[in-house]
Amino acid sequence: MYSEKVMDHFQNPRNVGEIENASGVGTVGNAKCGDIMRIFLDIDDETKVIKDCKFKTFGCGAAVATSSMATELVKGKTIEEALKVTNKAVMEALDGLPPVKVHCSLLAEEAIHAALWDYAEKHDMKIEGLSKPKSDIHEDEEDEEEY
């Protein structure tokens, strides 16, 4: 059912915790399943590179695994590169998710976007291609059938 990578990131999650005085913090949830994901970013203001990324997630194993993988995918990337980390990229990096768990990868993508949005608001800047994130992604669940 779950790939070895999903199990590894669930049992040994990377980058768990908080970043004090984070550059950007994004919190999203899914009211339907109860998962809540918070991502913290430490961004270098000059280079716009994500120096550190941590997460706290309340949810199922897939939610923890997608949070863990998402932090791995954005760490060391520029804001523009991090913006391109999609739910599909997270799923591919984990060697797939069962269809009923696709919403966890959507949470990870939205949490990254929410943290980048928070950073942009704190610095009174616009990030090209970034729109205001949703705080609850449950309305996207009908899209899961496409995957």
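This is a predicted model: local features need pLDDT of at least 70, side-chain atom pairs count only at pLDDT 80 or more; totals for chains, interfaces and linings use all residues.
Me: Which residue forms a salt bridge with Lys51?
Reply: A salt bridge is a side-chain nitrogen of Lys or Arg within 4 Å of a carboxyl oxygen of Asp or Glu, and a search of the whole structure finds seven of them. In the salt bridge of Lys51, the closest N and O atoms are 4.0 Å apart. The partner counts as partly exposed, with 23% relative accessibility, and is Asp42.

Me: How many residues apart in sequence are the parts tied together by Glu18 and Lys56?
Reply: The side chains of Glu18 and Lys56 meet in a salt bridge with an N to O distance of 2.9 Å. Helices (H or I, at least four residues) and strands (E, at least two) are DSSP runs numbered from the N terminus. Because Glu18 lies in the loop between H1 and strand E1 (24-29) and Lys56 in strand E3 (residues 50-58), the parts that the pair ties together are separated in sequence by 38 residues.

Me: Where along helix H5 do Lys122 and Asp118 stand relative to each other, in helical turns?
Reply: Their side chains meet in a salt bridge, Lys122 to Asp118, at 3.2 Å from N to O. Lys122 is partly exposed at a relative accessible area of 47%, whereas Asp118, at 19%, counts as buried. Because the two residues are four apart in helix H5, the separation of Lys122 and Asp118 is about one helical turn.

Me: How many of the 21 residues of H5 are buried?
Reply: Helix H5 covers residues 102-122, and its end C-alpha atoms are 31 Å apart, which agrees with the 30 Å that its 21 residues should span at 1.5 Å a residue. That expected span is 1.5 Å times one less than the number of residues. H5 is largely enclosed by the rest of the structure, because the number of its 21 residues that are buried is 18.

Me: At what angle do helices H1 and H2 pack?
Reply: The axes of H1 (residues 4-11) and H2 (residues 61-74), which are lines fitted to C-alpha atoms over the stretch in contact, lie 8 Å apart. The contact, meaning heavy atoms within 4.5 Å, is made by Val6, His9 and Phe10 of H1 and by residues of H2 including Val64 and Met69. Angles run from 0 to 180 degrees between N-to-C directions, with under 35 degrees counted as roughly parallel, over 145 as roughly antiparallel, 65 to 115 as roughly perpendicular and the rest as oblique. H1 and H2 are therefore roughly perpendicular, at an angle of about 90 degrees.

Note on methods. Residues are numbered from 1 along each chain as its sequence is written. Side-chain values use heavy atoms; hydrogens and water are left out. Buried means under 20% relative accessible area, exposed over 50%, partly exposed in between (1.4 Å probe, protein chains only).
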